[in-house]
Amino acid sequence: MIDIIPHVANLLAPTGAQIELSWQDTYVSFPLIVLSEPANTGTTSGGSEVLTRLTVQVDSFTLDKKATKDLARSVDEIMIPAGFTRSVGQPMTEGELERYMAQYSCTVDFTHENILI
């Protein structure tokens, strides 16, 4: 099984946002990115995992709609060239917070290191 979340966190570091690997009861600053992995499906052959299809959810939070859209656009500009495909993108308002939820998927080969583009 592959844990791609640390790789995605490293990819998104240039956004300058605080990055959390899951929503935690912790002190946060904005902009904030919260990463989760809603799907991790392996394809096996001969008893070994040969392909893994992963979905990573990237929740971008700020206190301003425009800033949230700008952060989500920056995430897109990093994730897509890195081999991910966005399957969902949805803006939301949650109390004082603006959130943009996006899900990106990719396929990783048998080495567990190469994203197939």
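Predicted model: local features only at pLDDT ≥ 70, side-chain atom pairs only at ≥ 80, totals over all residues.
View 1. Look for Gln57 in strand 3. Its side chain makes a polar contact of 3.0 Å with the side chain of Asp59. Setting aside residues up to four places away in sequence, Gln57 also touches Val34, Leu35, Ser36, Pro38, Arg99, Met101, Ala102 and Gln103.

**View 2. Strand 4 and strand 5, paired up.** These two strands run antiparallel, with nine bridges joining them. Pick out Gly89 and you'll find its bridge partner, Ala102, in strand 5. Ala102 is also one of the residues that Gln57 touches.

**View 3. Helix 2 from end to end.** Helix 2 covers residues 65-79. Down at the start of the helix, Asp64 reaches in with a side-chain oxygen, to within 3.2 Å of the backbone nitrogen of Lys66.

**View 4. The two sides of helix 2.** The buried residues here are Thr68, Leu71, Ala72, Val75, Asp76 and Met79. They cover an arc of only 145 degrees around the axis, and that is why they end up on the same side of helix 2. The general rule is that an α-helix has 3.6 residues a turn, so residues three or four places apart point the same way. Over on the other side of helix 2, Lys66 and Glu77 are exposed. What do the buried residues of helix 2 pack against? Their partners are helix 1 (5-12), strand 2 (32-45), strand 3 (48-62), strand 4 (85-94) and strand 5 (97-108).

**View 5. The largest nonpolar core.** This core has 23 residues, and Ile4, Val8, Leu12, Ile33, Leu35, Val58 and Phe84 touch the most other members. Helix 1, strand 2, strand 3, helix 2 and strand 5 each give two or more residues to it. Which element gives the most? That's strand 5, with five residues. Zoom in on Ile4 and, leaving aside neighbours within four places in sequence, you'll see Ile4 in contact with Glu37, Leu54, Val56, Phe84, Cys106, Val108 and Ile115. Another core, of five residues, lies apart from the largest one; Val28, Leu32, Val34 and Leu97 are among its members.

Technical notes
Residues numbered from 1 in each chain as written. Heavy atoms only, no water. Helix = DSSP H or I, 4+ residues; strand = E, 2+ residues; numbered from the N terminus. Expected span 1.5 Å × (residues − 1). Buried < 20%, exposed > 50% of the residue type's maximum accessible area, 1.4 Å probe, protein only. Arc of directions from axis to C-beta. Contact = heavy atoms within 4.5 Å. Polar contact = N/O pair within 3.5 Å; in protein donor to acceptor, adjacent residues only side chain to side chain. Pairing = 2+ DSSP bridges. Core = buried A, V, L, I, M, F, W, Y, C linked by side-chain atoms within 4.5 Å.
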